[in-house]
Amino acid sequence: MNICSNCKTYTRSKSPICYDCYIKGERYVEGFSSFSFEKRPLNFIKGHIGECLIQNLFTSLGFTVFRYGIENNLTYINEYLEDSDFSRSELKVLTSRPDLLILNKEKKRIYFTEIKYRSDGKFKHEDLGEDYKYESTYIIILSKKGFKCIKASELKEVGEIKMSSTEYALSENKEFNLDKGFVRLIEEQASNIYSSISQISHI
Ligand SMILES: [Zn+2]
């Protein structure tokens, strides 16, 4: 755990002073980043909300969903992992697990999915990290303008997906075969949720 060098309270890891000392005027301390307090936790929350929305969307339509990624179980132990005895490749296996495992019991099909939030809706294959191994994973990208869905192998071919493109809408995905009206409803709700989070952000 990390302690504020000024008042000795617990504060965010790697921060030299706490947020309370920062707002009370201990500004311009070397190594202090207001971003890590004001924006980073919100980015985590946006990610979690994205997974939660997609999980609910699929379970509502009869699919079974397991939260699988390390982010769900081990988000806050990431900093321990850095200092652990795990090798780089072992860490990679742990931290690159797909987020959700979605099961269609009727078709007896199982799908790995990565859930990503991008305000501008842009997503590149390289955003999955170097030597991404799960080529048959479906990448579901949430943005204020709707949900896209593309297989990792296909994303590798096209390189990048843009929100402006009319292709790859989750609602049109043949494999998942989802109620389009319901997907649009959740897209609208997601857009409202993400807009309100932007409004509470300090930066
Ligand atoms: Zn302090």
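Five strands form an open sheet in the order β3-β4-β5-β7-β8, and the pairing is mixed. This is a predicted model: local features need pLDDT of at least 70, side-chain atom pairs count only at pLDDT 80 or more, and totals for chains, interfaces and linings use all residues. Residues are numbered from 1 along each chain as its sequence is written. Strands (E, at least two residues) and helices (H or I, at least four) are DSSP runs, numbered from the N terminus. Two strands pair if DSSP finds at least two bridges between them.

The edges belong to β3 (64-67) and β8 (146-151). Each has a single partner strand, so one side of each lacks a neighbour in the sheet. From one strand to the next, the twist averages 25°. Angles run from 0 to 180 degrees between N-to-C directions, with axes fitted as lines to C-alpha atoms, for helices over the stretch in contact.

β3 and β4 (residues 100-104) run antiparallel, joined by four bridges. Here T64 stands opposite L103 in β4. Helix α3 (residues 40-60) packs on the sheet and touches β3, β4, β5 (109-117) and β7 (138-143). Its direction makes about 145° with that of β5. Contact means C-beta atoms, placed from the backbone, within 7 Å.

Now follow α3 itself. Its 21 residues reach 30 Å from first C-alpha to last, close to the 30 Å expected at 1.5 Å a residue. That expected span is 1.5 Å times one less than the number of residues. Which residues of α3 are buried? They are G50, E51, L53, I54, Q55, L57 and F58. A residue is buried if 20 or more other C-beta atoms lie within 10 Å of its own, exposed if 12 or fewer, and partly exposed in between, with C-beta atoms placed from the backbone. The buried residues of α3 pack against β3, β4, β5, β7 and also α8 (180-200). After α3 comes G62, with a positive phi near 95°.

Two lysines also have positive phi. K14, not a glycine, has phi near 70°. It lies in the loop between β2 (10-11) and α1 (19-23). K14 counts as exposed because it has 11 C-beta neighbours inside 10 Å. K108 has a phi of about 55°, again without being a glycine. The loop between β4 and β5 holds K108. With 7 other C-beta atoms within 10 Å, K108 is exposed.

Step back to the whole protein. It has eight helices and nine strands. Of its 203 residues, 22% count as buried.

Terms used: Contact = placed C-beta atoms within 7 Å.
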